[in-house]
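Reader: I would like to learn how the words used for a protein model are tied to cut-offs. Could we go through one together?

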Amino acid sequence: QVQLVESGGGLVQAGGSLTLSCAASGTISSVNTMGWYRQLPGKQRELVASIISRRSTNYADSVKGRFTISRNNANNTVYLQMNSLKPEDTAVYYCNADIWVAFPRRLTNYWGQGTQVTVSS
């Protein structure tokens, strides 16, 4: 079994910072793309940022210059450093990863349980 466990959400004032973490665990052979999505009530889930490697990242236009995604391949963890937070960043943030499961070997997409980020004005 494979799990994605998120941490780091919470309440912060506008202009503040938060760092989200997501660790993948289980019978993992390797991890391909990792990313963060967010979802507002009544809205579709949207991509915030994704990372294949340090030199291959992708950001939503709304977060460029404010958020930074990174990963630690040694412990299969992805991070999202969020700076200059705005009230419109308030959402449930979900971790996502494409993981090669070890036994039997297969590529499967996984989601975390979600973590709430609330930015007050």
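Reader: Where in the chain does P104 lie?

Author: P104 lies in the loop between strand 9 and strand 10, which spans residues 106–111. Strands, like helices, are DSSP runs numbered from the N terminus, a strand (E) having at least two residues and a helix (H or I) at least four. The peptide bond that leads from F103 to P104 is cis, with omega near -15 degrees. Before we go on, please keep in mind that this is a predicted model, in which local features need pLDDT of at least 70 and side-chain atom pairs count only at pLDDT 80 or more, while totals for chains, interfaces and linings use all residues. Residues are numbered from 1 along each chain as its sequence is written, and side-chain values use heavy atoms, with hydrogens and water left out.

Reader: What makes C22 and C95 a disulfide?

Author: A disulfide is a pair of cysteine sulfur atoms within 2.5 Å, and the sulfur atoms of C22 and C95 are 2.1 Å apart, so the pair is called a disulfide. The structure holds one disulfide. This pair links distant parts of the chain, since C22 belongs to strand 3 and C95 to strand 9, 73 residues apart. The angle about the S-S bond is -80 degrees, and the link of C22 and C95 is left-handed.

Reader: Why is C22 called buried?

Author: Buried means under 20% relative accessible area, exposed means over 50%, and partly exposed is in between (1.4 Å probe, protein chains only). C22 has a relative accessible area of 0%, and therefore counts as buried. C95, at 0% relative accessibility, counts as buried too.

Reader: What is said of S84, and why is S84 called partly exposed?

Author: S84 lies in the loop between strand 8 and strand 9, and has a positive phi of about 50 degrees although it is not a glycine. Its relative accessible area is 40%, again in between the cut-offs, and so S84 is partly exposed.

Reader: Which residues have the most contacts inside the largest nonpolar core?

Author: They are W36, L80, M82, Y93 and I99, in a core of 32 residues. Strand 9 gives the largest share of this core, six residues. The name nonpolar core stands for a set of buried Ala, Val, Leu, Ile, Met, Phe, Trp, Tyr and Cys residues joined through side-chain atoms within 4.5 Å. The residues that L80 touches, not counting those up to four places away in sequence, include W36, V48, F67, I69 and Y93.

Reader: What makes strand 1 and strand 3 a pair?

Author: Two strands pair if DSSP finds at least two bridges between them, and six bridges join strand 1 to strand 3, so the two strands pair. They run antiparallel, and L4 stands opposite A24 in strand 3.

Terms used. Contact means heavy atoms within 4.5 Å.
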